[in-house]
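Have a look at the structure first, and then read on.

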Amino acid sequence: MHPTPSNRHLRVVVLGAGMSGILCGIKLREAGYTNVSIYEKASRPGGTWRENTYPGLTCDVPSHAYTYSFEPNPDWSHQLPPGAEVQDYFERTVKKYKVDELIRFDQEVTRCEFVDGRWHLETKNGLRDEADVVIAATGVLHHPRYPDIPGLKTFEGSLLHSARWDHSVALDGKRIGIVGNGSTGVQLVSALARRASKLKHFQRTAQWIMPVENPAFTEAQKQALRDDPALLKRMQNDETYMANVERFTTAVANAESPEMAAIEAIVRENLERSVQDPVLREQLRPNYRAACKRLIFSPDYYQAIQHPNAALVTDGIETITPNGVLTRDGKLHELDVIVLASGFHADRFMRPMQVIGRHGKSLNDAWAKRPNAYLAVAIPQFPNFFMLNGPTSPVGNFSLIDVAENQWGYIAQLLEPLSSGECREITVTQAALDEYEQARLAAAKNTIFGSGCNSWYLDAEGVPATWPWNYERFRNAMKAPKLDAFEMRK
Ligand code: NAP
(Lines give C-alpha, C1' and ligand atoms only; values in the text may rest on other atoms or scores of the structure.)
Protein backbone atom coordinates (compact mmCIF):
# COMPACT_ATOMS: atom_id res chain seq x y z
CA MET A 1 0.00 0.00 0.00
CA HIS A 2 1.38 3.44 -0.92
CA PRO A 3 1.09 6.33 1.46
CA THR A 4 -1.36 8.95 0.24
CA PRO A 5 -1.85 12.40 1.67
CA SER A 6 -5.08 11.29 3.32
CA ASN A 7 -3.35 8.39 5.06
CA ARG A 8 -2.01 11.11 7.29
CA HIS A 9 -5.49 12.36 8.15
CA LEU A 10 -7.34 9.12 8.70
CA ARG A 11 -7.37 8.64 12.46
CA VAL A 12 -6.79 5.00 13.35
CA VAL A 13 -7.01 3.65 16.87
CA VAL A 14 -5.72 0.21 17.68
CA LEU A 15 -6.89 -1.56 20.83
CA GLY A 16 -4.15 -3.53 22.55
CA ALA A 17 -0.35 -3.56 22.30
CA GLY A 18 0.16 -7.30 22.20
CA MET A 19 1.53 -9.22 19.24
CA SER A 20 -1.26 -8.09 16.85
CA GLY A 21 -1.39 -4.48 18.04
CA ILE A 22 2.37 -4.06 17.67
CA LEU A 23 2.06 -5.49 14.16
CA CYS A 24 -0.68 -2.95 13.36
CA GLY A 25 1.40 -0.06 14.65
CA ILE A 26 4.36 -1.05 12.49
CA LYS A 27 2.27 -1.69 9.38
CA LEU A 28 0.13 1.45 9.69
CA ARG A 29 3.26 3.58 9.92
CA GLU A 30 4.83 1.78 6.99
CA ALA A 31 1.68 2.53 4.94
CA GLY A 32 1.98 6.24 5.77
CA TYR A 33 -0.70 6.53 8.44
CA THR A 34 0.60 9.03 10.93
CA ASN A 35 -2.54 9.72 12.94
CA VAL A 36 -2.43 6.49 14.90
CA SER A 37 -2.73 5.60 18.59
CA ILE A 38 -2.57 2.24 20.29
CA TYR A 39 -4.46 2.00 23.56
CA GLU A 40 -3.03 -0.49 26.03
CA LYS A 41 -4.55 -1.35 29.41
CA ALA A 42 -1.20 -2.28 30.98
CA SER A 43 2.04 -0.38 31.41
CA ARG A 44 4.03 -2.64 29.05
CA PRO A 45 3.41 -4.16 25.62
CA GLY A 46 3.41 -7.92 24.99
CA GLY A 47 -0.15 -9.11 25.62
CA THR A 48 -0.31 -12.76 26.57
CA TRP A 49 3.49 -12.94 26.88
CA ARG A 50 3.46 -10.09 29.38
CA GLU A 51 0.57 -11.58 31.37
CA ASN A 52 1.86 -15.15 31.55
CA THR A 53 5.04 -15.62 33.54
CA TYR A 54 4.43 -19.02 35.15
CA PRO A 55 7.41 -21.37 35.66
CA GLY A 56 7.99 -23.48 32.57
CA LEU A 57 6.17 -21.11 30.20
CA THR A 58 7.45 -22.01 26.76
CA CYS A 59 6.26 -21.15 23.28
CA ASP A 60 5.27 -24.51 21.83
CA VAL A 61 5.46 -23.19 18.25
CA PRO A 62 9.00 -23.28 16.77
CA SER A 63 10.74 -20.01 17.60
CA HIS A 64 11.83 -19.10 14.07
CA ALA A 65 8.24 -19.53 12.85
CA TYR A 66 6.95 -17.52 15.81
CA THR A 67 8.38 -14.22 14.55
CA TYR A 68 7.11 -11.36 12.42
CA SER A 69 7.95 -12.09 8.78
CA PHE A 70 9.81 -8.75 8.60
CA GLU A 71 11.70 -9.17 11.86
CA PRO A 72 13.53 -12.50 11.95
CA ASN A 73 15.53 -13.22 15.07
CA PRO A 74 18.87 -15.04 14.84
CA ASP A 75 19.22 -15.09 18.62
CA TRP A 76 16.49 -17.52 19.67
CA SER A 77 17.98 -19.75 22.36
CA HIS A 78 15.86 -22.82 21.67
CA GLN A 79 13.60 -24.43 19.15
CA LEU A 80 10.81 -23.76 21.69
CA PRO A 81 11.80 -20.56 23.47
CA PRO A 82 10.99 -19.62 27.07
CA GLY A 83 8.12 -17.15 27.44
CA ALA A 84 10.37 -14.38 28.79
CA GLU A 85 12.44 -14.54 25.63
CA VAL A 86 9.31 -14.12 23.50
CA GLN A 87 8.27 -11.13 25.62
CA ASP A 88 11.75 -9.68 25.15
CA TYR A 89 11.44 -10.13 21.36
CA PHE A 90 8.21 -8.10 21.34
CA GLU A 91 9.65 -5.37 23.58
CA ARG A 92 12.75 -5.09 21.35
CA THR A 93 10.57 -4.93 18.24
CA VAL A 94 8.45 -2.17 19.79
CA LYS A 95 11.59 -0.11 20.46
CA LYS A 96 13.23 -0.82 17.10
CA TYR A 97 10.15 0.31 15.15
CA LYS A 98 9.40 3.11 17.64
CA VAL A 99 5.91 1.73 18.20
CA ASP A 100 6.11 2.96 21.79
CA GLU A 101 5.62 6.49 20.44
CA LEU A 102 2.12 5.41 19.41
CA ILE A 103 1.14 3.52 22.55
CA ARG A 104 -0.91 5.09 25.32
CA PHE A 105 -0.12 2.82 28.25
CA ASP A 106 -2.36 2.28 31.28
CA GLN A 107 -5.39 3.26 29.25
CA GLU A 108 -8.05 0.59 29.17
CA VAL A 109 -10.75 1.45 26.63
CA THR A 110 -14.11 0.83 28.26
CA ARG A 111 -16.44 2.20 25.59
CA CYS A 112 -16.33 2.62 21.89
CA GLU A 113 -19.38 4.05 20.14
CA PHE A 114 -20.06 4.92 16.51
CA VAL A 115 -21.70 8.36 16.43
CA ASP A 116 -22.16 10.50 13.32
CA GLY A 117 -19.61 8.61 11.29
CA ARG A 118 -16.83 8.41 13.87
CA TRP A 119 -15.84 6.11 16.69
CA HIS A 120 -15.92 7.80 20.10
CA LEU A 121 -13.73 6.12 22.68
CA GLU A 122 -13.54 6.41 26.43
CA THR A 123 -10.97 4.91 28.78
CA LYS A 124 -11.24 3.82 32.39
CA ASN A 125 -9.24 6.90 33.37
CA GLY A 126 -11.75 9.18 31.67
CA LEU A 127 -9.68 9.95 28.56
CA ARG A 128 -11.77 10.54 25.44
CA ASP A 129 -10.76 10.21 21.84
CA GLU A 130 -12.27 9.91 18.37
CA ALA A 131 -11.26 7.79 15.42
CA ASP A 132 -12.29 7.05 11.84
CA VAL A 133 -11.14 3.46 12.15
CA VAL A 134 -10.81 1.09 15.10
CA ILE A 135 -8.78 -2.09 14.94
CA ALA A 136 -9.32 -4.44 17.88
CA ALA A 137 -6.13 -6.38 18.56
CA THR A 138 -7.25 -7.43 22.01
CA GLY A 139 -6.29 -11.11 21.94
CA VAL A 140 -8.31 -14.14 22.88
CA LEU A 141 -7.03 -15.72 26.08
CA HIS A 142 -6.81 -12.89 28.58
CA HIS A 143 -9.63 -13.35 31.07
CA PRO A 144 -8.55 -16.10 33.48
CA ARG A 145 -11.16 -18.74 34.20
CA TYR A 146 -11.35 -19.69 37.88
CA PRO A 147 -12.84 -23.14 38.41
CA ASP A 148 -16.11 -23.41 40.31
CA ILE A 149 -14.62 -25.75 42.91
CA PRO A 150 -16.23 -25.36 46.35
CA GLY A 151 -13.96 -24.03 49.08
CA LEU A 152 -11.44 -22.28 46.79
CA LYS A 153 -11.40 -19.22 49.03
CA THR A 154 -10.88 -21.25 52.21
CA PHE A 155 -7.41 -22.47 51.23
CA GLU A 156 -4.83 -21.15 53.71
CA GLY A 157 -1.77 -21.76 51.52
CA SER A 158 -0.94 -19.87 48.32
CA LEU A 159 -3.50 -20.02 45.55
CA LEU A 160 -2.37 -18.89 42.10
CA HIS A 161 -3.88 -18.74 38.63
CA SER A 162 -1.32 -19.58 35.96
CA ALA A 163 -1.93 -16.23 34.22
CA ARG A 164 -1.62 -14.19 37.44
CA TRP A 165 1.64 -15.55 38.81
CA ASP A 166 2.93 -14.23 42.13
CA HIS A 167 6.70 -14.61 42.03
CA SER A 168 7.01 -14.03 45.76
CA VAL A 169 5.44 -17.45 46.46
CA ALA A 170 8.13 -20.00 47.38
CA LEU A 171 8.00 -23.23 45.38
CA ASP A 172 11.18 -25.16 46.14
CA GLY A 173 10.60 -28.02 48.52
CA LYS A 174 6.89 -27.21 48.78
CA ARG A 175 3.85 -29.45 48.34
CA ILE A 176 2.31 -28.19 45.12
CA GLY A 177 -1.01 -29.08 43.52
CA ILE A 178 -1.70 -28.23 39.88
CA VAL A 179 -5.30 -28.22 38.68
CA GLY A 180 -5.66 -28.64 34.93
CA ASN A 181 -3.64 -30.29 32.20
CA GLY A 182 -4.01 -28.08 29.14
CA SER A 183 -0.88 -26.69 27.46
CA THR A 184 -0.30 -24.58 30.59
CA GLY A 185 -0.79 -27.25 33.29
CA VAL A 186 1.50 -29.66 31.46
CA GLN A 187 4.30 -27.07 31.18
CA LEU A 188 3.92 -26.29 34.89
CA VAL A 189 4.23 -29.95 35.86
CA SER A 190 7.36 -30.32 33.71
CA ALA A 191 8.91 -27.29 35.41
CA LEU A 192 7.92 -28.01 39.00
CA ALA A 193 8.08 -31.80 39.45
CA ARG A 194 11.75 -31.65 40.42
CA ARG A 195 11.41 -28.53 42.54
CA ALA A 196 8.45 -29.56 44.69
CA SER A 197 8.80 -31.89 47.65
CA LYS A 198 5.57 -33.44 46.34
CA LEU A 199 3.65 -32.44 43.24
CA LYS A 200 0.06 -33.57 42.68
CA HIS A 201 -1.35 -33.12 39.20
CA PHE A 202 -5.15 -33.04 39.29
CA GLN A 203 -6.41 -34.31 35.94
CA ARG A 204 -10.10 -34.17 35.09
CA THR A 205 -9.71 -35.29 31.48
CA ALA A 206 -6.63 -36.99 30.02
CA GLN A 207 -4.73 -35.31 27.17
CA TRP A 208 -2.97 -36.62 24.09
CA ILE A 209 0.66 -35.54 24.03
CA MET A 210 2.63 -34.92 20.85
CA PRO A 211 6.36 -35.65 21.36
CA VAL A 212 8.61 -32.78 20.39
CA GLU A 213 12.30 -31.99 20.69
CA ASN A 214 13.54 -28.76 22.15
CA PRO A 215 17.22 -28.41 21.28
CA ALA A 216 19.15 -25.29 22.20
CA PHE A 217 20.72 -23.40 19.30
CA THR A 218 24.51 -23.35 19.68
CA GLU A 219 26.44 -20.08 19.55
CA ALA A 220 27.88 -21.19 16.19
CA GLN A 221 24.36 -21.76 14.79
CA LYS A 222 23.23 -18.34 16.00
CA GLN A 223 26.31 -16.67 14.51
CA ALA A 224 25.67 -18.37 11.17
CA LEU A 225 22.12 -16.97 11.22
CA ARG A 226 23.40 -13.49 12.11
CA ASP A 227 25.94 -13.63 9.28
CA ASP A 228 23.61 -14.90 6.59
CA PRO A 229 20.20 -13.23 6.23
CA ALA A 230 19.21 -15.72 3.53
CA LEU A 231 19.84 -18.62 5.90
CA LEU A 232 17.82 -16.84 8.60
CA LYS A 233 14.96 -16.30 6.16
CA ARG A 234 15.03 -19.99 5.19
CA MET A 235 14.93 -20.92 8.86
CA GLN A 236 11.93 -18.63 9.34
CA ASN A 237 10.08 -20.04 6.33
CA ASP A 238 11.07 -23.58 7.19
CA GLU A 239 9.39 -25.87 4.70
CA THR A 240 9.00 -28.72 7.16
CA TYR A 241 7.15 -26.44 9.57
CA MET A 242 4.88 -25.06 6.84
CA ALA A 243 4.18 -28.58 5.56
CA ASN A 244 3.30 -29.58 9.13
CA VAL A 245 0.87 -26.65 9.42
CA GLU A 246 -0.86 -27.64 6.17
CA ARG A 247 -0.96 -31.28 7.28
CA PHE A 248 -2.25 -30.37 10.71
CA THR A 249 -4.97 -28.02 9.44
CA THR A 250 -6.03 -30.54 6.79
CA ALA A 251 -6.31 -33.14 9.55
CA VAL A 252 -8.33 -30.80 11.77
CA ALA A 253 -10.72 -29.91 8.94
CA ASN A 254 -11.40 -33.55 8.15
CA ALA A 255 -11.43 -35.87 11.13
CA GLU A 256 -11.47 -38.92 8.84
CA SER A 257 -8.41 -37.89 6.80
CA PRO A 258 -5.18 -39.93 6.55
CA GLU A 259 -3.41 -36.87 8.01
CA MET A 260 -5.48 -37.28 11.18
CA ALA A 261 -4.77 -41.02 11.32
CA ALA A 262 -1.04 -40.18 11.20
CA ILE A 263 -1.33 -37.76 14.14
CA GLU A 264 -3.29 -40.34 16.13
CA ALA A 265 -0.63 -42.98 15.51
CA ILE A 266 2.15 -40.66 16.76
CA VAL A 267 0.46 -39.66 20.02
CA ARG A 268 -0.63 -43.25 20.76
CA GLU A 269 2.90 -44.51 20.21
CA ASN A 270 4.24 -41.70 22.44
CA LEU A 271 2.00 -42.83 25.29
CA GLU A 272 2.86 -46.54 24.87
CA ARG A 273 6.59 -45.88 24.63
CA SER A 274 6.92 -43.24 27.33
CA VAL A 275 4.83 -44.50 30.27
CA GLN A 276 6.04 -47.69 31.94
CA ASP A 277 3.40 -48.33 34.62
CA PRO A 278 0.32 -49.84 32.93
CA VAL A 279 -2.05 -48.31 35.50
CA LEU A 280 -0.64 -44.81 35.03
CA ARG A 281 -0.61 -45.34 31.26
CA GLU A 282 -4.35 -46.06 31.26
CA GLN A 283 -5.03 -43.06 33.50
CA LEU A 284 -3.19 -40.89 30.99
CA ARG A 285 -5.02 -42.37 27.98
CA PRO A 286 -7.76 -40.03 26.68
CA ASN A 287 -11.14 -41.48 25.69
CA TYR A 288 -11.55 -39.05 22.76
CA ARG A 289 -9.65 -38.44 19.57
CA ALA A 290 -6.26 -36.74 19.25
CA ALA A 291 -6.36 -32.98 18.49
CA CYS A 292 -10.00 -32.72 19.62
CA LYS A 293 -8.61 -30.52 22.37
CA ARG A 294 -5.60 -28.40 21.42
CA LEU A 295 -2.75 -30.91 21.07
CA ILE A 296 -0.19 -30.69 23.82
CA PHE A 297 3.34 -30.49 22.42
CA SER A 298 5.67 -31.56 25.20
CA PRO A 299 9.19 -32.93 25.25
CA ASP A 300 9.04 -34.01 28.88
CA TYR A 301 5.59 -34.21 30.49
CA TYR A 302 5.53 -38.01 30.61
CA GLN A 303 8.96 -38.04 32.29
CA ALA A 304 7.89 -35.34 34.74
CA ILE A 305 4.73 -37.13 35.84
CA GLN A 306 6.77 -40.31 36.42
CA HIS A 307 9.28 -38.42 38.61
CA PRO A 308 9.34 -39.83 42.17
CA ASN A 309 8.10 -36.46 43.52
CA ALA A 310 5.10 -36.35 41.20
CA ALA A 311 1.72 -38.08 41.29
CA LEU A 312 -1.25 -37.99 38.95
CA VAL A 313 -4.61 -37.64 40.71
CA THR A 314 -7.59 -38.69 38.63
CA ASP A 315 -10.24 -38.84 41.35
CA GLY A 316 -12.44 -35.79 40.90
CA ILE A 317 -12.02 -32.82 43.21
CA GLU A 318 -14.76 -32.69 45.85
CA THR A 319 -13.71 -29.50 47.56
CA ILE A 320 -10.77 -27.36 48.54
CA THR A 321 -10.14 -27.19 52.27
CA PRO A 322 -7.88 -24.87 54.30
CA ASN A 323 -5.12 -27.51 54.02
CA GLY A 324 -5.40 -28.80 50.51
CA VAL A 325 -7.62 -30.65 48.05
CA LEU A 326 -10.18 -33.25 49.06
CA THR A 327 -10.91 -35.72 46.27
CA ARG A 328 -14.11 -37.73 45.81
CA ASP A 329 -12.43 -40.91 47.13
CA GLY A 330 -12.25 -39.11 50.51
CA LYS A 331 -8.50 -38.47 50.36
CA LEU A 332 -7.13 -35.12 51.55
CA HIS A 333 -4.09 -34.01 49.52
CA GLU A 334 -2.28 -31.63 51.85
CA LEU A 335 -0.66 -28.76 49.96
CA ASP A 336 1.27 -25.52 50.43
CA VAL A 337 0.52 -24.13 46.98
CA ILE A 338 -2.39 -24.69 44.61
CA VAL A 339 -1.99 -23.59 40.99
CA LEU A 340 -5.11 -23.17 38.90
CA ALA A 341 -4.12 -23.91 35.30
CA SER A 342 -7.79 -23.77 34.49
CA GLY A 343 -7.70 -21.70 31.31
CA PHE A 344 -9.52 -18.62 30.10
CA HIS A 345 -12.91 -17.26 29.08
CA ALA A 346 -12.19 -17.57 25.37
CA ASP A 347 -15.46 -16.01 24.21
CA ARG A 348 -14.87 -12.53 25.64
CA PHE A 349 -12.54 -11.05 23.01
CA MET A 350 -12.54 -7.24 23.52
CA ARG A 351 -15.33 -7.39 26.08
CA PRO A 352 -16.15 -6.19 28.79
CA MET A 353 -15.53 -3.07 26.67
CA GLN A 354 -18.88 -1.68 25.48
CA VAL A 355 -18.87 -1.50 21.70
CA ILE A 356 -21.86 0.24 20.13
CA GLY A 357 -22.22 0.31 16.37
CA ARG A 358 -24.76 1.89 14.02
CA HIS A 359 -28.29 2.55 15.32
CA GLY A 360 -27.19 1.78 18.89
CA LYS A 361 -26.44 -1.88 18.10
CA SER A 362 -24.26 -3.29 20.87
CA LEU A 363 -21.60 -5.93 20.42
CA ASN A 364 -23.20 -7.93 23.23
CA ASP A 365 -26.42 -8.06 21.18
CA ALA A 366 -24.58 -8.88 17.96
CA TRP A 367 -22.84 -11.73 19.77
CA ALA A 368 -25.78 -12.86 21.92
CA LYS A 369 -25.84 -16.31 20.29
CA ARG A 370 -22.10 -16.64 19.66
CA PRO A 371 -19.22 -14.31 18.85
CA ASN A 372 -18.77 -14.23 15.09
CA ALA A 373 -17.36 -12.06 12.35
CA TYR A 374 -17.16 -12.21 8.59
CA LEU A 375 -13.90 -14.04 7.81
CA ALA A 376 -13.04 -13.34 11.47
CA VAL A 377 -12.39 -9.70 10.59
CA ALA A 378 -15.57 -7.55 10.34
CA ILE A 379 -19.06 -7.32 11.89
CA PRO A 380 -22.24 -5.93 10.25
CA GLN A 381 -23.41 -2.59 11.71
CA PHE A 382 -19.89 -1.87 12.98
CA PRO A 383 -18.46 0.39 10.25
CA ASN A 384 -14.70 0.85 9.97
CA PHE A 385 -14.20 -1.62 12.84
CA PHE A 386 -11.88 -4.56 12.24
CA MET A 387 -10.33 -7.33 14.29
CA LEU A 388 -7.11 -9.29 14.38
CA ASN A 389 -7.37 -12.80 15.83
CA GLY A 390 -11.09 -12.19 16.28
CA PRO A 391 -13.84 -14.81 16.53
CA THR A 392 -13.60 -17.76 14.09
CA SER A 393 -9.94 -17.03 13.40
CA PRO A 394 -7.71 -20.05 12.86
CA VAL A 395 -6.34 -21.45 16.12
CA GLY A 396 -4.32 -24.56 16.75
CA ASN A 397 -0.72 -25.61 16.96
CA PHE A 398 0.77 -22.96 14.69
CA SER A 399 1.92 -19.32 14.71
CA LEU A 400 -0.79 -16.77 15.43
CA ILE A 401 1.67 -14.12 14.24
CA ASP A 402 1.28 -15.44 10.72
CA VAL A 403 -2.51 -15.45 11.18
CA ALA A 404 -2.42 -11.78 12.25
CA GLU A 405 -0.13 -10.81 9.35
CA ASN A 406 -2.53 -12.38 6.85
CA GLN A 407 -5.47 -10.59 8.47
CA TRP A 408 -3.56 -7.31 8.46
CA GLY A 409 -3.00 -7.69 4.70
CA TYR A 410 -6.76 -7.99 4.26
CA ILE A 411 -7.64 -5.07 6.58
CA ALA A 412 -5.03 -2.84 4.91
CA GLN A 413 -6.97 -3.22 1.66
CA LEU A 414 -10.23 -2.26 3.38
CA LEU A 415 -8.59 0.94 4.63
CA GLU A 416 -7.68 2.00 1.09
CA PRO A 417 -11.12 3.31 0.00
CA LEU A 418 -11.30 5.17 3.32
CA SER A 419 -7.90 6.80 2.99
CA SER A 420 -8.40 7.65 -0.69
CA GLY A 421 -11.71 9.33 0.10
CA GLU A 422 -13.67 6.88 -2.06
CA CYS A 423 -15.92 6.33 0.94
CA ARG A 424 -16.21 7.34 4.58
CA GLU A 425 -17.64 4.11 5.95
CA ILE A 426 -17.04 0.51 5.01
CA THR A 427 -19.16 -2.17 6.66
CA VAL A 428 -19.58 -5.86 5.98
CA THR A 429 -23.14 -6.78 4.97
CA GLN A 430 -25.36 -9.05 7.05
CA ALA A 431 -25.84 -11.25 3.97
CA ALA A 432 -22.09 -11.79 3.65
CA LEU A 433 -21.78 -12.73 7.33
CA ASP A 434 -24.79 -15.07 7.13
CA GLU A 435 -23.39 -16.87 4.11
CA TYR A 436 -19.97 -17.20 5.77
CA GLU A 437 -21.46 -18.43 9.05
CA GLN A 438 -23.69 -20.99 7.35
CA ALA A 439 -20.71 -22.51 5.53
CA ARG A 440 -18.51 -22.27 8.61
CA LEU A 441 -20.98 -23.98 10.93
CA ALA A 442 -21.54 -26.79 8.43
CA ALA A 443 -17.79 -27.32 8.08
CA ALA A 444 -17.18 -26.98 11.84
CA LYS A 445 -19.19 -30.14 12.50
CA ASN A 446 -16.72 -32.18 10.44
CA THR A 447 -13.66 -30.89 12.26
CA ILE A 448 -11.82 -32.90 14.82
CA PHE A 449 -12.68 -30.19 17.41
CA GLY A 450 -16.31 -31.28 17.16
CA SER A 451 -15.57 -35.01 17.46
CA GLY A 452 -16.66 -35.40 21.07
CA CYS A 453 -14.62 -33.67 23.77
CA ASN A 454 -14.86 -30.48 25.77
CA SER A 455 -12.47 -27.62 25.08
CA TRP A 456 -12.16 -23.84 24.82
CA TYR A 457 -12.48 -24.27 21.04
CA LEU A 458 -16.22 -24.88 21.49
CA ASP A 459 -18.82 -22.16 21.84
CA ALA A 460 -21.65 -22.16 24.40
CA GLU A 461 -23.65 -24.51 22.15
CA GLY A 462 -20.77 -26.94 21.78
CA VAL A 463 -19.98 -25.91 18.19
CA PRO A 464 -16.31 -25.35 17.29
CA ALA A 465 -15.82 -21.59 17.28
CA THR A 466 -12.78 -21.58 15.03
CA TRP A 467 -11.81 -21.48 11.36
CA PRO A 468 -12.97 -24.93 10.19
CA TRP A 469 -11.01 -25.18 6.93
CA ASN A 470 -7.34 -25.68 6.24
CA TYR A 471 -4.68 -23.01 6.39
CA GLU A 472 -4.36 -22.65 2.63
CA ARG A 473 -8.01 -21.65 2.42
CA PHE A 474 -7.44 -19.08 5.14
CA ARG A 475 -4.43 -17.59 3.34
CA ASN A 476 -6.37 -17.44 0.08
CA ALA A 477 -9.37 -15.80 1.77
CA MET A 478 -7.09 -13.11 3.19
CA LYS A 479 -5.47 -12.21 -0.14
CA ALA A 480 -8.09 -9.70 -1.26
CA PRO A 481 -11.50 -8.64 0.09
CA LYS A 482 -14.51 -9.37 -2.09
CA LEU A 483 -15.85 -5.87 -2.16
CA ASP A 484 -19.45 -6.97 -2.79
CA ALA A 485 -19.40 -8.31 0.79
CA PHE A 486 -19.04 -4.72 1.98
CA GLU A 487 -21.29 -1.72 1.88
CA MET A 488 -19.50 1.58 1.27
CA ARG A 489 -21.03 4.88 2.29
CA LYS A 490 -19.86 8.27 1.16
P1 NAP B 1 -7.16 -25.01 28.87
O2 NAP B 1 -6.56 -25.65 27.69
O3 NAP B 1 -8.50 -24.42 28.74
O4 NAP B 1 -7.13 -26.07 30.02
C5 NAP B 1 -7.79 -25.88 31.25
C6 NAP B 1 -7.57 -27.09 32.13
O7 NAP B 1 -8.18 -26.87 33.38
C8 NAP B 1 -8.19 -28.36 31.56
O9 NAP B 1 -7.35 -29.43 31.82
C10 NAP B 1 -9.51 -28.46 32.33
O11 NAP B 1 -10.01 -29.77 32.44
C12 NAP B 1 -9.04 -27.96 33.68
N13 NAP B 1 -10.15 -27.50 34.51
C14 NAP B 1 -10.93 -26.42 34.29
N15 NAP B 1 -11.86 -26.33 35.27
C16 NAP B 1 -11.66 -27.37 36.10
C17 NAP B 1 -12.30 -27.83 37.28
N18 NAP B 1 -13.35 -27.17 37.81
N19 NAP B 1 -11.83 -28.94 37.87
C20 NAP B 1 -10.78 -29.60 37.35
N21 NAP B 1 -10.13 -29.23 36.24
C22 NAP B 1 -10.57 -28.12 35.62
O23 NAP B 1 -6.21 -23.83 29.44
P24 NAP B 1 -4.64 -23.61 29.29
O25 NAP B 1 -3.90 -24.86 29.58
O26 NAP B 1 -4.30 -22.40 30.06
O27 NAP B 1 -4.45 -23.36 27.76
C28 NAP B 1 -5.27 -22.46 27.06
C29 NAP B 1 -4.63 -22.17 25.74
O30 NAP B 1 -3.54 -21.26 25.92
C31 NAP B 1 -4.01 -23.32 25.02
O32 NAP B 1 -4.92 -24.17 24.41
C33 NAP B 1 -3.13 -22.57 24.05
O34 NAP B 1 -3.87 -22.09 22.95
C35 NAP B 1 -2.62 -21.43 24.89
N36 NAP B 1 -1.31 -21.78 25.44
C37 NAP B 1 -0.28 -21.81 24.57
C38 NAP B 1 0.96 -22.14 25.02
C39 NAP B 1 2.07 -22.17 24.04
O40 NAP B 1 3.11 -22.68 24.36
N41 NAP B 1 1.94 -21.66 22.81
C42 NAP B 1 1.17 -22.45 26.34
C43 NAP B 1 0.10 -22.41 27.22
C44 NAP B 1 -1.14 -22.08 26.75
P45 NAP B 1 -10.98 -30.41 31.31
O46 NAP B 1 -10.06 -30.76 30.16
O47 NAP B 1 -11.61 -31.57 31.95
O48 NAP B 1 -11.96 -29.34 30.95
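The ligand is surrounded by 24 residues, each with a heavy atom within 4 Å of it. The closest are Thr58, Thr184, Thr205, Lys293 and Trp456. This is a predicted model, in which local features need pLDDT of at least 70 and side-chain atom pairs count only at pLDDT 80 or more, while totals for chains, interfaces and linings use all residues. Residues are numbered from 1 along each chain as its sequence is written, and side-chain values use heavy atoms, leaving out hydrogens and water.

| Residue (backbone N or O atom) | Distance to a ligand oxygen atom |
|---|---|
| Threonine 58 | 2.6 Å |
| Aspartate 60 | 2.9 Å |
| Alanine 341 | 3.2 Å |

On its own the ligand has 920 Å² of accessible area, and the protein covers 85% of this (Shrake-Rupley method, 1.4 Å probe).

Now to the domains. The assignment, automatic or from a database, gives domain 1 (11-143 + 345-489) and domain 2 (152-219 + 255-340). Their C-alpha centres lie 31 Å apart. Domain 1 brings 29 residues to the contact and domain 2 brings 30, with contact meaning heavy atoms within 4.5 Å.

How much area is buried between domain 1 and domain 2? The value is about 2400 Å², with carbon and sulfur atoms giving 55%; this is the accessible area (1.4 Å probe) lost on putting the two parts together, summed over both. In domain 1, Tyr54, Pro55 and Ile448 lose the most area to domain 2, together 26% of what that side buries.

Two salt bridges (a side-chain nitrogen of Lys or Arg within 4 Å of a carboxyl oxygen of Asp or Glu) are found across the domain interface, along with 13 residue pairs in polar contact, both residues at pLDDT 80 or more.

Note on methods
A polar contact is a pair of N or O atoms within 3.5 Å; within protein, one must be able to donate a hydrogen and the other to accept it, and residues adjacent in sequence count only if both atoms are side-chain atoms.
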